[in-house]
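User: I am new to reading protein models. Please take me through this one, step by step.

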Amino acid sequence: MVGTFLRVPISVLQVAAAVHQIHEHFFQVQMTSGPSMMPTLNSGGEFVLLDKYHGRLGRCCTAGDMVVAAKPTGSRQYVCKRIIGMPGDVVFADPLVSDNKINVPKGHVWLAGDNVMHSLDSRTYGPVPMGLIKAKVIARVWPNPGWLSNSLEDYTPS
């Protein structure tokens, strides 16, 4: 009887541990807010699915991917931005000014919000170390669930 009584709590603990591992190392649903990724993401907040495994340390991230990164200014905030330049790429530091190009250094990426007029991004804090990338945004969960395009072909700054 005691053995049967302990099976349920042990099973619950095993499931909780598995869910925790998935959330911590593989996938997470996160709410976004702010106008910097409009029109791709609404400023009022949307829930997105993060791929932590492939996003961590920039694994499988390419130009055009949306990522969540630790804000490089040292605060404990995270930002959701699009990768505009990979290491070695030459990018316009500010798409509103056509004569200021920058070479993205090794081990860094250039991040920008889709809504250029309302985004604090690499134009403000410079190239971002790839180690600050925490996850790759792969889908919108709510509202309007669906996979998000990670292509610069669809990128048109507002």
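User: How many salt bridges does the structure hold?

Analyst: This is a predicted model, where local features need pLDDT of at least 70, side-chain atom pairs count only at pLDDT 80 or more, and totals for chains, interfaces and linings use all residues. Residues are numbered from 1 along each chain as its sequence is written, and side-chain values use heavy atoms, with hydrogens and water left out. A salt bridge here is a side-chain nitrogen of Lys or Arg within 4 Å of a carboxyl oxygen of Asp or Glu. By that rule, the number of salt bridges is four.

User: Why does the salt bridge of glutamate 46 and arginine 140 tie together parts that are apart in sequence?

Analyst: The two side chains meet at 2.4 Å, N to O. Strands (E, at least two residues) and helices (H or I, at least four) are DSSP runs, numbered from the N terminus. Glutamate 46 is in strand β2 (residues 46-51) and arginine 140 is in strand β9 (residues 133-142), so the pair joins parts separated in sequence by 94 residues.

User: Is lysine 136 buried or exposed?

Analyst: Lysine 136 forms a salt bridge with aspartate 65 (3.6 Å, N to O). This pair also links distant parts of the chain: strand β9 holds lysine 136, and the loop between α2 (52-55) and β3 holds aspartate 65. Buried means under 20% relative accessible area, exposed over 50%, and partly exposed in between (1.4 Å probe, protein chains only). Lysine 136 has 14% relative accessibility, so it counts as buried.

User: Which residue meets arginine 82 in a salt bridge?

Analyst: Arginine 82 lies in strand β4, and its partner is in the loop between β7 and α3 (122-125), 32 residues apart. Both residues of the pair are buried. At 2.8 Å, N to O, the partner is aspartate 114.

User: Which residue in β6 stands opposite valine 90?

Analyst: Two strands pair if DSSP finds at least two bridges between them. Strand β5 (residues 90-94) pairs with strand β6 (residues 97-103) in the antiparallel sense, over four bridges. A hairpin of two residues joins β5 to β6. Opposite valine 90 stands asparagine 103.
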